[in-house]
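Subject: Structure handover

Hi,

Here is the structure I promised to pass on. My notes on it follow below.

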Amino acid sequence: ADVPVITIDGPTASGKGTLADEVAHELGYWILDSGALYRATGLAASRAGIDLDDAQAVAAVARGLDLHFRKGRATLAGEDVTEALRAEATGLMASQVAAHQPVRDALQQLQLDFRRAPGLVADGRDMGTAIFPDAGLKVFLTASAATRAERRHKQLISKGISASIEGLRADLEARDARDKSRSASPLKPAADALSLDNSAQTIEESRDLLLRWWAERG
Ligand code: C5P
């Protein structure tokens with residue numbers, strides 16, 4: 001466990017994934033997008049016709065997850081699901097299955113296995129609180145709901161998908177409310193996390209601030 005870890009937790013569309021990618025790239029570290037594991041579990045369970053409220057059945061799906069990441073693409077049981085994983089509907093399914101403790105238990109070891117030399121940047125909701133409590137740097141990344149909805153809107157538009165900002169904001173606030181209020185590893189800052197509101201920051205500014213925090217600790 002002396003492989004260094006940086007955790008970035010925070011609400012939906014706060015920019016965790018982009019920031020994690022940037023920081024990992026600069027440091028030459030591995031990356032764990034833990035949300036993708038919950039998304040894949042939700043997608044696989046729903047495709048198998050399993051009731052997403054059935055904790056044990058969904059946990060069995062999580063244990064048998066045939067998920068692979070390679071060259072920026074994700075495959076599930078051999079099928080390319082890169083786009084399907086990013087869909088808003090998949091995010092909602094993820095948050096539904098993520099509320100079950102047996103599902104979280106089923107995905108724990110898989111997440112720990114991402115910790116390999118020279119280091120790891122892990123993003124999600126409970127990276128600093130539950131999965132990597134000994135991380136050398138824990139960041140809690142936030143941005144206003146308006147900013148997050150606007151960023152998500154831009155992302156979708158750039159992919160040629162139309163959506164209303166108001167609808168996106170309602171969806172992400174509903175997802176955040178569920179993630180914060182659940183009893184299994186709720187979304188909350190670790191006691192020793194540094195908080196960063198990036199509403200008015202560019203990605204480069206956030207990245208450089210994190211790298212400075214990391215250098216100060218090393
Ligand atoms: O970050 P992302 O939007 O991909 O996460 C999708 C959902 O997966 C979240 O809304 C949350 O419910 C769940 N999740 C979680 N724990 C994590 C990562 C994601 O519960 N570490």
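Let me start with the ring rule: rings of Phe, Tyr and Trp (its six-membered ring) are paired if their centres lie within 6.5 Å, and planes under 30 degrees apart are called stacked, over 60 edge-to-face and the rest tilted. That rule gives a count of one aromatic pair. The partners are Tyr-29 and Trp-214, with ring centres 6.4 Å apart and planes at 90 degrees, so they sit edge-to-face. They tie together distant parts of the chain, 185 residues apart: Tyr-29 is in the loop between α1 (16-27) and β2 (30-33), and Trp-214 is in helix α10 (residues 203-217). Both Tyr-29 and Trp-214 are buried, meaning under 20% relative accessible area, with exposed being over 50% and partly exposed in between (1.4 Å probe, protein chains only).

Some housekeeping: this is a predicted model, where local features need pLDDT of at least 70 and side-chain atom pairs need 80 or more, while totals for chains, interfaces and linings use all residues. Residues are numbered from 1 along each chain as its sequence is written, and side-chain values use heavy atoms, leaving out hydrogens and water.

Now the overall picture. The protein chain has ten helices and eight strands, taken as DSSP runs (H or I, at least four residues, for helices; E, at least two, for strands) numbered from the N terminus. The radius of gyration is 17 Å, which agrees with the value near 17 Å for a compact globule of 218 residues; that is over C-alpha atoms, with the globule rule being 2.2 Å times the number of residues to the power 0.38. Buried residues make up 47% of the 218. Of the contacts (heavy atoms within 4.5 Å) with a separation of 6 or more, 74% are between residues 24 or more positions apart.

As background, most residues other than glycine have a negative phi, and most peptide bonds are trans.

- Ala-117 and Pro-118 are joined by a cis peptide bond, with omega about 5 degrees; Pro-118 is in the loop between α6 (101-112) and β6 (120-124).
- Lys-71 has a positive phi, near 50 degrees, in the loop between β3 (67-70) and β4 (73-76). Its relative accessibility is 74%, so Lys-71 counts as exposed.
- Ser-185 has a positive phi too, near 45 degrees, in the loop between α9 (165-181) and β8 (194-197). With 19% relative accessibility, Ser-185 counts as buried.

Cheers
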